[in-house]
Amino acid sequence: MSMSTLTGSRIRERRLMLGVRQTQLAASVNISASYLNLIEHNRRRIGGKLLRDLAAALGVEQALLSEGAEAALIATLREAAATPLGAAAERDRADEFAGRFPGWAQLVMGAHRRIGELEHIVETLTDRLAHDPHLAASMHEVLSMVTAIRSTAGILADTREIEPEWRDRFHRNLNEDAVRLAEGAQSLVAYLDRAEGDEARASSPQDEIEAFLRAHDFHFSALEAPGDPQATISMLIDAGNFASASPRVMMRALLERYAADAQRMPLGAVLAEVAAVPQIDPAGMARRFDVDLGTAMRRLAMLAPDHLPVPLGLVICDASGSTTFRKPIEGFPLPRFGGACPLWPLYSALGRPMAALHMQVRQSGRGAGQFDTYAIAQPIGPQQFDAPMLVEAHMLIVPEKTAQTDVPTTDAGQVEGVRQIGVTCRICPRKDCIGRREPSIMSEEF
Amino acid sequence: MGKHVLLIEDEPNIIEAISFLLNRDGWRVDTHSNGIDAVEVVQAKSPDLVVLDVMLPGKSGYDILRELREGAATSDLPVLVLTARGQSRDREMAERFGASRFMTKPFSNAEVLEVVRELVTP
């Protein structure tokens with residue numbers, strides 16, 4: 001039985017929990033009790049307004065009725081089955097598997113995610129492996145653990161009859177390997193953090209600025225007060241210990257813009273607006289403060305983390321497509337070097353100046369998240385005759401609150417109405433992409 | 001009793017998993033976990049197939065493979081080389097030293113079984 005066909009059971013379960021009679025609930029949503037009875041026994045599929053009305057009457061989120069708690073589990077099983085390794089899996093029976101063997105399903109899900117995490121590390125490090133013996137040795141250790149976990153999990157999942165002593169032994173092995181894997185991954189991350197720190201000290205002005213912004217969580221309380229911000233900006237820059245004049249100049253421009261945005265959109269009023277509106281709404285914010293969309297996006301993205309209901313990412317690029325500002329967000333990696341994916345709405349906006357684009361996107365690859373993006377390209381500089389028009393594009397990145405696990409998909413497994421994008425060609429597994437600039441390092445081994 | 005596989009690998013849980021897998025598939029499995037005396041062990045046990053990890057304590061899997069190819073009794077012995085690296089250089093080395101097949105970690109159980117069955121008919 002598919003996930004959506006269990007909607008009726010969830011409606012019934014919720015109604016009984018609330019102690020509401022079938023006739024009462026049916027009347028409240030203007031349907032007959034007999035029709036509700038058919039729905040509750042999963043003999044009628046529902047959606048749209050009726051599902052919304054029932055969810056409202058039962059006081060629950062619509063997604064809880066349509067997807068249920070097992071949605072994430074089933075979605076991950078389907079994701080695992082959609083990989084080349086899952087070619088033989090009965091993809092259309094993932095929900096049945098999860099229902100009949102929830103423990104095994106959790107195990108497969110955990111192993112799939114674990115492999116995904118490690119594959120991600122492999123992708124990131126591939127370029128460095130050939131040149132760094134310490135890294136190569138660490139990766140060997142990690143990949144050995146992944147191999148052991150994958151093989152053991154495969155045995156547990158695929159072997160119909162397995163003796164209890166073997167089952168127990170494999171469970172112990174899985175646990176041991178998971179612990180070693182976690183330690184190995186932590187060790188690698190610590191090593192990379194050190195390496196990244198070394199690089200940062202001798203890196204580009206852009207890198208220095210990003211490190212400075214990260215250290216401040218992209219928010220500067222000292223610039224929120226009214227008045228001339230120049231003295232505060234100088235103090236902040238002096239405290240930044242920048243290696244050269246270039247990042248100081250760039251940082252001053254960025255902080256001056258921050259201060260100007262703060263003057264036009266005072267913090268107290270912005271926070272009141274954020275609290276009053278249930279969703280991130282850059283257009284509504286721009287209207288409320290009579291500012292352009294770019295300003296509203298910057299202001300939202302640079303609020304303190306505890307002021308936001310969800311973390312927000314922001315990318316700004318100039319007319320050449322070069323990134324001039326990056327605020328990363330989990331699940332939506334922003335490449336440090338080279339060009340990003342040309343399918344990003346940021347670049348679509350560049351081609352259509354002043355057109356506000358709202359687009360759902362999904363990053364390619366295992367475990368990638370789905371996001372709402374808001375993008376616009378706006379002219380910069382004073383208006384003047386016979387001068388080239390330069391534009392700057394902003395893209396605000398908002399995580400989807402509700403995972404889209406039961407939405408229609410195309411034959412290629414893509415979610416309808418959601419643009420499939422990547423990070424950058426080099427690590428993008430997507431095949432037959434018209435935007436590809438260079439081959440991916442994601443070889444068949446990965 | 002099925003055909004005989006010698007698994008040379010130093011990771012105990014990989015040894016356990018692959019041994020279980022091959023045993024269930026009808027193979028007789030011996031294991032060994034260091035590189036130093038691996039060639040002698042192969043010669044002593046005379047397996048039908050060797051599954052050989054590259055990074056072993058004491059001696060590299062490539063060196064073991066080269067010595068096996070130089071020995072008259074083992075020059076044609078099917079050897080499946082396992083490595084956690086998988087870059088083209090490693091594949092080239094495995095081929096140059098005479099690997100019958102090359103497999104990159106992490107691999108699936110089905111892949112292991114398929115390759116082992118291809119290399120030796122039980």
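Val418(A) touches Gln360(A), Val361(A), Arg362(A) and Gln370(A), leaving aside residues up to four places away in sequence; touching, or contact, means that the C-beta atoms of two residues, placed from the backbone, lie within 7 Å. Val418(A) belongs to the loop between strand 5 (391-399) and strand 6 (419-421) of chain A. Helices (H or I, at least four residues) and strands (E, at least two) are DSSP runs, numbered from the N terminus. With 17 other C-beta atoms within 10 Å, Val418(A) is partly exposed. A residue counts as buried if 20 or more other C-beta atoms lie within 10 Å of its own, as exposed if 12 or fewer do, and as partly exposed in between, with C-beta atoms placed from the backbone. Val418(A) and Phe371(A) are 47 residues apart in sequence, and their C-alpha atoms are 9.1 Å apart in space.

The model is predicted: local features need pLDDT of at least 70 and side-chain atom pairs count only at pLDDT 80 or more, while totals for chains, interfaces and linings use all residues. Residues are numbered from 1 along each chain as its sequence is written, and chains are lettered from A and ligands numbered from 1 in the order in which they are written.

Chain A contains 17 helices and six strands. Of its 446 residues, 32% are buried. Among contacts in chain A between residues at least 6 apart in sequence, 62% join residues at least 24 apart.

An open sheet of six strands in chain A has the order 2-1-5-4-3-6, with mixed pairing; two strands pair if DSSP finds at least two bridges between them. Strand 2 (323-327) and strand 6 of chain A are the edge strands, each pairing on one side only. On average, neighbouring strands of the sheet are turned by 25° against each other, direction ignored. Strand 3 (residues 357-363) and strand 6 of chain A run parallel and are joined by three bridges. Opposite Arg362(A) stands Gln420(A), in strand 6 of chain A. Helix 16 (residues 293-301) of chain A packs on the sheet and touches strand 1 (313-318), strand 2, strand 4 (370-379) and strand 5 of chain A; the direction of helix 16 makes about 45° with that of strand 5. Axes are lines fitted to C-alpha atoms, for helices over the stretch in contact, and angles run from 0 to 180 degrees between N-to-C directions.

In helix 3 (residues 33-40) of chain A, the buried residues are Leu36(A), Ile39(A) and Glu40(A). Seen down the axis of helix 3, these residues fall within an arc of 95°, so they line one face of the helix; the arc is that of the directions from the helix axis to the C-beta atoms. Their cover includes helix 1 (7-18) and helix 2 (22-28) of chain A. Asn42(A), which follows helix 3, has a positive phi, near 60°.

Between the chains, 21 residues of chain A are in contact with 18 residues of chain B. Helix 9 (133-158) of chain A gives the largest share of the chain A side, 13 residues.

In chain B, Asp53(B) is found in strand 3 (residues 49-53). Asp53(B) is buried, with 26 other C-beta atoms within 10 Å. Not counting residues up to four places away in sequence, Asp53(B) touches Ile8(B), Glu9(B), Asp10(B), Gly61(B) and Leu82(B).
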